[in-house]
Amino acid sequence: MSFFDKIFGGKEEAKEQKSFWKPIESEDDLKIAIDNSYAYKVAIFKHSTSCFISKTVLRNFEKEIESLENTDDIAELYFLDLLAYRPLSNKIAEDLGVRHESPQLLVVENGKVINNASHQNISINQLS
């Protein structure tokens with residue numbers, strides 16, 4: 001990994017992804033996430049792997065999740081690499097009616113966004 005990849009993120013980042021994330025890599029994955037929101041709360045984290053701010057916010061959010069004793073009741077967590085899957089990011093913005101930002105956390109229940117945050121406002125508080 002190059003020096004710049006270590007700072008700004010790069011291809012190695014996908015290997016470091018936490019096990020609690022479910023990836024969104026296709027329209028089918030997105031449909032599953034939205035369908036699941038009718039049974040329980042779903043959170044979609046849109047992340048830019050080339051942005052230092054996005055990488056920092058992601059790490060902080062993951063630390064918050066890991067600090068919880070019980071993560072079962074917070075939400076089902078989905079992850080979108082918006083550089084690799086930009087058309088999906090655009091579809092999320094269009095279908096859910098929320099302007100695209102990066103990084104961004106969308107909390108979805110019953111197919112609708114009930115909360116969203118971007119940049120340093122992203123925290124587990126949006127999940128409650």
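Predicted model: local features only at pLDDT ≥ 70, side-chain atom pairs only at ≥ 80, totals over all residues.

Trainee: What makes E4 and E5 a pair?

Mentor: Two strands pair if DSSP finds at least two bridges between them. E4 and E5 have 6 bridges, in the antiparallel sense, so they meet that rule. They also form a hairpin with 2 residues between them, and asparagine 110 in the turn has a positive phi of about 50°.

Trainee: And how do you know that E1 pairs with E3?

Mentor: There are 2 bridges joining E1 to E3, and these strands run parallel. The rule asks for at least two, so E1 and E3 count as a pair. Proline 23 stands opposite phenylalanine 79 in E3.

Trainee: Why is E1 called a strand at all?

Mentor: Strands (E) are DSSP runs of at least two residues, helices (H or I) of at least four, and both are numbered from the N terminus. Strand E1 covers 22-23, so it qualifies.

Trainee: What order do the strands take in the sheet?

Mentor: The 5 strands form an open sheet, E1-E3-E2-E4-E5, with mixed pairing. E1 and E5 (112-118) are the edge strands, each pairing on one side only.

Trainee: What makes a group of residues a nonpolar core?

Mentor: Its members are buried Ala, Val, Leu, Ile, Met, Phe, Trp, Tyr and Cys residues joined through side-chain atoms within 4.5 Å. Buried means under 20% relative accessible area, exposed over 50%, partly exposed in between (1.4 Å probe, protein chains only). The largest such core here has 17 residues, and Phe45, Phe61 and Leu127 touch the most other members. H3 gives the most to this core, with 4 residues.

Trainee: Which residues is phenylalanine 61 in contact with, leaving aside neighbours within four places in sequence?

Mentor: Contact means heavy atoms within 4.5 Å. For phenylalanine 61, the partners are Trp21, Phe45, Leu105, Ile122, Ser123, Ile124 and Leu127.

Terms used. Residues numbered from 1 in each chain as written. Heavy atoms only, no water.
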